Amino acid sequence: GTISWAMFNDVHENLPIYSHFSKHLRDITSFCAFNGDILNHIDDEATIEDRLLTPFSNISQSNSLPIAYIRGNHETRSDFARQLRNYAGLFNGKFYGAFSIGDVRFLLLDSGEDKDDSCPAYFGLVDFERYIEEQIEFIKKETASPQWKNAKARIVMRHIPYAGPHPFDITRIAKLDAALKDGNVTLMMCAHLHRPNWCRPTSERPFPIVIGGGRNLNAKVQNGATLTKCYIKGNTLTVNVINTAGETIIAKTINLAK
């Protein structure tokens with residue numbers, strides 16, 4: 001009767017982060033999510049093997065947990081990034097999809113890059129605008145499905161949040177939130193900002209967002225990294241964000257009976 005899952009995010013290849021949090025996974029029973037920017041960029045097969053798949057395998061085997069992977073913006077970068085789909089287990093070849101555990105529905109989305117397609121750095125080689133529109137069509141079908149409507153809780157995971165301080169105004173990310181506005185979302189779980197945060201619901205986004213922290217990219221230490229843990233028991237969803245010192249820095253509960 002209990003569903004529990006954990007989320008890593010923004011590890012950026014700093015592998016000791018996993019050992020910092022390993023003991024905190026002992027009470028997690030359903031799955032472990034890796035919500036983007038686990039890598040810095042993808043130059044070759046060894047990067048995927050050593051810094052993505054090996055941590056997946058270690059966490060999975062050590063804790064008997066399935067792994068859910070959400071692509072981050074850094075994992076769209078460098079030549080070999082186009083080969084990532086050949087290594088990661090995907091939903092019918094897509095970096096987005098949905099699944100159920102018991103009576104809880106999970107929707108995983110791919111927010112793509114954190115800059116507009118017109119950014120000069122891309123030389124016109126990316127088309128995330130159309131990619132987001134493709135996912136919006138998927139969201140419409142998913143939120144109309146009986147699996148979604150009849151779920152006790154509906155959890156959305158994606159890397160880039162639209163809420164919170166952000167150096168870029170990415171209107172396409174706001175389109176994802178608009179598509180979810182009437183979807184009765186229980187909780188969204190995001191990353192990317194490297195600062196843990198709890199964003200309360202708003203009129204335009206009527207669901208809360210928990211944002212996991214991330215390592216300081218300018219320091220060779222694990223400061224800033226977090227593990228987000230969620231538990232559903234009965235009609236209560238508990239969300240805890242833990243730092244590398246083992247301190248709970250965010251603790252929230254959501255009543256699912258409403």
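Hi everyone, let me start with a definition: a residue is buried when its relative accessible area is under 20%, exposed when over 50%, and partly exposed in between, using a 1.4 Å probe and protein chains only. By that rule, 53% of the 258 residues of this protein count as buried.

Before going on, a word on where this comes from. This is a predicted model, in which local features need pLDDT of at least 70 and side-chain atom pairs count only at pLDDT 80 or more, while totals for chains, interfaces and linings use all residues. Residues are numbered from 1 along each chain as its sequence is written, and side-chain values use heavy atoms, with hydrogens and water left out.

Now the overall picture. If we take contacts between residues at least 6 apart in sequence, 65% of them join residues at least 24 apart, a contact being heavy atoms within 4.5 Å.

Let's look at the sheet. It is an open sheet of 6 strands with mixed pairing, in the order β3-β2-β1-β10-β11-β12; two strands pair if DSSP finds at least two bridges between them. At the edges stand β3 (67–70) and β12 (248–255), each with a single partner strand, so one side of each has no neighbour in the sheet. On average, neighbouring strands here are turned by 15 degrees against each other, ignoring direction. For such angles, axes are lines fitted to C-alpha atoms, for helices over the stretch in contact, and the angles run from 0 to 180 degrees between N-to-C directions.

Zooming in, β1 (residues 2–8) and β2 (residues 31–35) pair in the parallel sense over 4 bridges, and Met7 stands opposite Ala33 in β2. Helix α2 (residues 45–63) packs on this sheet, touching β1, β2 and β3, and its direction makes about 150 degrees with that of β3.

On to the charged pairs. How many salt bridges does the structure hold? There are 9, where a salt bridge is a side-chain nitrogen of Lys or Arg within 4 Å of a carboxyl oxygen of Asp or Glu.

One of them joins Glu134 and Lys94, whose closest N and O atoms are 3.2 Å apart. Glu134 is in helix α3 and Lys94 is in the loop between β3 and β4 (97–101), so this pair ties together parts 40 residues apart in sequence. Glu134 counts as partly exposed at 33% relative accessibility, and Lys94 counts as partly exposed at 35%.

Another joins Asp177 and Arg158, at 2.9 Å from N to O. Asp177 sits in helix α5 (residues 171–180) and Arg158 in the loop between β6 (153–157) and α5, 19 residues apart. Are these two buried or exposed? Both Asp177 and Arg158 are buried.

Last stop, back in helix α3 (residues 128–143), where we find Glu142. Glu142 counts as buried, because its relative accessibility is 6%. Leaving aside residues up to four places away in sequence, Glu142 touches Ala98, Arg105, Leu107 and Trp148.

Conventions:
Helices (H or I, at least four residues) and strands (E, at least two) are DSSP runs, numbered from the N terminus.
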